[in-house]
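Good morning, and thank you for joining this meeting.

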Amino acid sequence: MVEVTVTPRSSLADRPVQVRVRGLSPSQLVTLRAWLKDEHGERFQSRAFFRADGSGEVDPGRHAALGGSYSGVWPMGLFWFLQPDTPFRRLVKRDVAGSPFLVRLEVFDGLQLVTEPQEQLLARCEAERWFVGPGVQRVPVRQGRVRGALFLPP
């Protein structure tokens, strides 16, 4: 049984996570896809192609991506290379304190080049990427022409 995991499942957006796929056949070619929808419903996604090692595992922190949105060893590549489905859109988080970005990670057999993969999904999981830590206070700032927010630690 194929399994994809993200450790930790919930983290701050600037903290690294570890993505792992287990249960593959040795040397199996797979596509890892990450995607999320922003607050306006716009989808951003990335994909990378990997060949499983001798024990049937893929770890983007140890194994080089063979292509896709990036190539080489990039532990956070699936998160860093997210691109919009609609050109010229930017990934911006407006409600930084109220909710995380939910990033879905999926594993497909073979190389999937299309936006909507045609092959059956082997495994999936979800990661929460928060922009404000627990207990942090957001204080609006309005002084003269200055507008902004002050984030105070607990």
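Let me begin with a definition: a residue is called buried under 20% relative accessible area, exposed over 50%, and partly exposed in between, using a 1.4 Å probe and protein chains only. The model before you is predicted, so local features need pLDDT of at least 70 and side-chain atom pairs count only at pLDDT 80 or more, whereas totals for chains, interfaces and linings use all residues. Residues are numbered from 1 along each chain as its sequence is written, and side-chain values use heavy atoms, with hydrogens and water left out.

Is Val-17 buried or exposed? Val-17 counts as buried, because its relative accessibility is 8%. Val-17 lies in the loop between β2 (10-12) and β3 (18-22); here strands (E, at least two residues) and helices (H or I, at least four) are DSSP runs, numbered from the N terminus. Contact means heavy atoms within 4.5 Å. Setting aside neighbours within four places in sequence, the contacts of Val-17 include Val-6, Pro-75, Phe-79 and Arg-129. Val-17 and Phe-79 are 62 residues apart in sequence, yet their C-alpha atoms are 9.6 Å apart in space.

We turn now to the interior. In soluble globular proteins, nonpolar side chains tend to be buried together. A nonpolar core is a set of buried Ala, Val, Leu, Ile, Met, Phe, Trp, Tyr and Cys residues joined through side-chain atoms within 4.5 Å. The largest such core here has 29 residues, and those with the most contacts inside it are Val-21, Leu-32, Phe-50, Val-58 and Leu-105. Among the elements that each supply at least two residues of this core are β1 (3-7), α1 (77-80) and β9 (121-130). Not counting residues up to four places away in sequence, Leu-32 touches Val-19, Phe-50 and Leu-78, among others.

Polar side chains also deserve attention. A polar contact is a pair of N or O atoms within 3.5 Å; within protein, one must be able to donate a hydrogen and the other to accept it, and residues adjacent in sequence count only if both atoms are side-chain atoms. Arg-33, in strand β4, counts as buried because its relative accessibility is 4%. Which side chains does the side chain of Arg-33 meet in polar contacts? One is that of Gln-45, at 3.1 Å, and another is that of Glu-106, at 2.7 Å.

Finally, His-63 is found in the loop between β5 and β6 (67-68). His-63 is buried, because its relative accessible area is 14%. The side chain of His-63 makes a polar contact with the side chain of Asp-53 at 3.4 Å.
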